[in-house]
Amino acid sequence: MTGPDRRRPRTVPSPAEPTALAVPMSAAVALLASAALLPALAVLGELRPTWVALAAYTALCAVLGRHSRPVAAPLIGPAAWLFHNGFVEHRHGALGWSGPGPEAAHLLLFTAAALLLSLLPGLRRRPGRSAPRPSRDDWRTAA
């Protein structure tokens with residue numbers, strides 16, 4: 001091969017920015033994590049409709065949203081809502097309806113937490129926000 005190697009270097013994701021979960025995997029993890037949160041709340045004695053349980057499920061949605069694509073937020077929120085409504089608010093796995101206001105607020109809170117945290121990595125990577133880091137091979141292209 002003659003001349004300089006003009007191929008683009010392979011981009012490897014940095015450990016600080018892991019790749020996002022696929023949408024079906026995000027939904028499955030949301031269901032499993034929501035179920036796994038129930039025993040933790042039971043040990044703390046918070047398996048009742050309090051702000052602690054609501055905050056725990058909101059934090060769970062935010063953490064899952066951080067590792068998911070924004071398209072998965074409409075699946076993460078309802079998955080958390082199912083377990084919060086069935087086992088925390090109305091107990092014994094029976095879904096109940098407290099009216100459109102409270103239920104919509106919980107559903108919106110869980111979905112918004114997942115969506116906001118899933119959008120953060122995209123905001124940091126938008127072009128024009130910050131200068132690109134110079135690579136160690138930039139000095140070769142100037143010559």
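**Helices and their packing**

Modeller: Pro 121 lies in helix H4, residues 100-124. Helices (H or I, at least four residues) and strands (E, at least two) are DSSP runs, numbered from the N terminus. At 11% relative accessibility, Pro 121 counts as buried; the term means under 20% relative accessible area, with exposed over 50% and partly exposed in between (1.4 Å probe, protein chains only). Its C-alpha atom is separated by 9.5 Å from that of His 67, 54 residues apart along the chain.

This is a predicted model, in which local features need pLDDT of at least 70 and side-chain atom pairs count only at pLDDT 80 or more, while totals for chains, interfaces and linings use all residues. Residues are numbered from 1 along each chain as its sequence is written, and side-chain values use heavy atoms, with hydrogens and water left out.

The protein chain has five helices and zero strands, in the order α-α-α-α-α along the sequence. Of its 143 residues, 29% count as buried. Contact means heavy atoms within 4.5 Å. Among contacts between residues at least 6 apart in sequence, 67% join residues at least 24 apart.

Now to H1. Helix H1 covers residues 23-44. Its 22 residues should span 32 Å at 1.5 Å a residue, and its end C-alpha atoms are 31 Å apart, which agrees; the expected span is 1.5 Å times one less than the number of residues. The buried residues in H1 are Ser 26, Ala 27, Ala 30, Ala 33, Ser 34, Leu 37, Leu 38 and Leu 41. An α-helix has 3.6 residues a turn, so residues three or four places apart point the same way. What covers the buried residues of H1 includes H2 and H3.

Leaving aside neighbours within four places in sequence, Ser 26 touches Leu 21, Ser 68, Ala 72 and Ile 76. Just after H1, Gly 45 takes a positive phi of about 75 degrees.

H1 packs against H3 (residues 73-89) at an angle of about 25 degrees, with the axes 8 Å apart. Axes are lines fitted to C-alpha atoms, for helices over the stretch in contact, and angles run from 0 to 180 degrees between N-to-C directions. That makes H1 roughly parallel to H3; angles under 35 degrees count as roughly parallel, over 145 as roughly antiparallel, 65 to 115 as roughly perpendicular and the rest as oblique. Residues of H1 that meet H3 include Ser 26, Ala 30, Ser 34 and Leu 41, and those on the H3 side include Ile 76, Ala 80 and Phe 83. By class, this contact of H1 with H3 has 14 nonpolar, two polar and no charged residues. Here Ala, Val, Leu, Ile, Met, Phe, Trp, Tyr, Cys and Pro count as nonpolar, Asp, Glu, Lys and Arg as charged, and the others, Gly among them, as polar.

H2 (residues 51-66) has 16 residues and reaches 22 Å from its first C-alpha to its last, close to the 22 Å expected. Its buried residues include Ala 53, Tyr 57, Cys 61 and Leu 64. H2 packs with H3 at about 160 degrees, with the axes 10 Å apart. That makes H2 roughly antiparallel to H3. Among the residues of H2 that meet H3 are Ala 53, Tyr 57, Cys 61 and Leu 64, and on the H3 side Ile 76, Ala 80, Phe 83, His 84 and Val 88. The contact of H2 with H3 divides into nine nonpolar, two polar and no charged residues.
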